[in-house]
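Some questions about this protein follow the display below. Each is worked through before its answer is given.

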Amino acid sequence: FMDPETNSKNSQNLKQPANGLAAFGLFVWDLVKILILAVIIIVPFRIYIAEPFMVSGHSMLPNYRDKDYLIIDRLSYRWHEPQRGDVVVLKFPKDTSQYYIKRIIGLPGEQVRCGQGKVEIIDAEKKQKILEEPYLPPKTQTNNCKPLQVLGSGEYFVLGDNRTASSDSRAWGILPKDDIVGRAWLRAFPLGDFGVFHSPIYAQ
């Protein structure tokens, strides 16, 4: 005969592996549910609201530096049009697998040209003005523009802040609105430069 106490211990030992397997299964299932929930939340968030972007290169110096980690606002332009001075991440029109970061200078319906190192804007009413750009270092020269860029509906003229080292609308032409990914909203890294970006105010 088997001691009842020994029989009880053996039964408990048999149940422990089964209980452990069940607990592991529940853990895995909980993990799967968390991953599914994360995908359901994160993917639409990145597609429609905001996404990270790391600056590559020096075309936006001195305001945006190589390896700056930005958060791009993808939502705002669903409610209003891009504004002059906005810094945007865009798909390179000649190869939409590449992404650039540039500043919007010319708006739909305007004409843009360069003269004596400055950008000149001719609006839809044929009024001309020299664009004063407070975000650029003093004595910055904007050259190498085509004689005149005429912007149609949904077309923008963009430039890098580092005017001597930027591939932008001077080189490859206008930017269609459909190629704008979103507006640079926040610099997350480096932490010493953490902050929200604001579009500049231009002199009238």
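The questions and answers below concern a predicted model.

Me: In what order do the helices and strands run from the N terminus on?
Reply: The secondary structure of this predicted model comes to two helices and twelve strands. Helix H1 covers residues 4–48. From the N terminus on, the order of the elements is α-β-β-β-β-β-β-β-β-β-α-β-β-β.

Me: What share of the residues in the protein is buried?
Reply: A residue counts as buried when its relative accessible area is under 20%. Isoleucine 105, in strand S4 (residues 99–106), is one example, at 0% relative accessibility. Among the 204 residues in the protein, the buried share is 35%.

Me: How far apart in space are isoleucine 105 and arginine 84, C-alpha to C-alpha?
Reply: Isoleucine 105 belongs to strand S4. In sequence, 21 residues separate isoleucine 105 from arginine 84. In space, their C-alpha to C-alpha distance is 5.3 Å.

Me: Which strand gives the largest share of the lining of the largest pocket?
Reply: The largest pocket holds about 200 Å³ of space. Twelve residues line this pocket, and the closest to its centre are Arg74, Tyr77, Arg78, Ile180 and Val181. By class, the lining has six nonpolar residues, one polar and five charged. The largest share, three residues, comes from residues 180–189, strand S11.

Me: How many residues apart in sequence are the parts that the salt bridge of arginine 74 and glutamate 51 ties together?
Reply: The side chains of arginine 74 and glutamate 51 meet at 2.3 Å, N to O. Arginine 74 sits in the loop between strands S2 and S3, and glutamate 51 in strand S1, so the pair links parts of the chain separated by 23 residues. Arginine 74, at 25% relative accessibility, is partly exposed, whereas glutamate 51 is buried at 18%. The separation in sequence is 23 residues.

Me: Is glutamate 120 buried or exposed?
Reply: Glutamate 120 forms a salt bridge with arginine 113, with 3.2 Å between the closest N and O atoms. Arginine 113 has a relative accessible area of 27% and is partly exposed. For glutamate 120 the relative accessibility is 12%, and the cut-off for buried is under 20%, so glutamate 120 counts as buried.

Me: How much accessible area does the nonpolar patch on the surface have together?
Reply: The patch is formed by Phe24, Phe27, Val28, Trp29, Leu31, Val32 and Leu35. Phenylalanine 24 lies in helix H1 and is exposed, at 52% relative accessible area. Together the residues of the patch have an accessible area of about 680 Å².

Me: Which peptide bond joins phenylalanine 189 to its partner in the cis form, and where is that partner?
Reply: Omega is about 5° for the cis peptide bond between phenylalanine 189 and proline 190. A cis bond also joins leucine 61 and proline 62, again with omega about 5°, and proline 62 lies in the loop between S1 and S2.

Me: What is the phi of lysine 139?
Reply: Lysine 139 is in the loop between strand S7 and strand S8. Its relative accessible area is 79%, and the cut-off for exposed is over 50%, so lysine 139 is exposed. Although lysine 139 is not a glycine, its phi is positive, at about 70°.

Technical notes. Residues numbered from 1 in each chain as written. Predicted model: local features only at pLDDT ≥ 70, side-chain atom pairs only at ≥ 80, totals over all residues. Heavy atoms only, no water. 1 Å grid on protein atoms, 1.4 Å probe; cavity = no way out; pocket = protein on both sides within 12 Å on 5 of 7 lines; lining within 4 Å. Points joined across faces, edges and corners; volume = space filled by probe spheres on them. Helix = DSSP H or I, 4+ residues; strand = E, 2+ residues; numbered from the N terminus. Nonpolar A, V, L, I, M, F, W, Y, C, P; charged D, E, K, R; others polar. Patch = residues over 30% accessible without salt bridge, like charges linked within 9 Å, V, L, I, M, F, W, Y side chains within 5 Å. Areas by Shrake-Rupley, 256 points an atom, 1.4 Å probe, with all protein chains shown as cover. Salt bridge = Lys/Arg side-chain N within 4 Å of Asp/Glu carboxyl O. Buried < 20%, exposed > 50% of the residue type's maximum accessible area, 1.4 Å probe, protein only.
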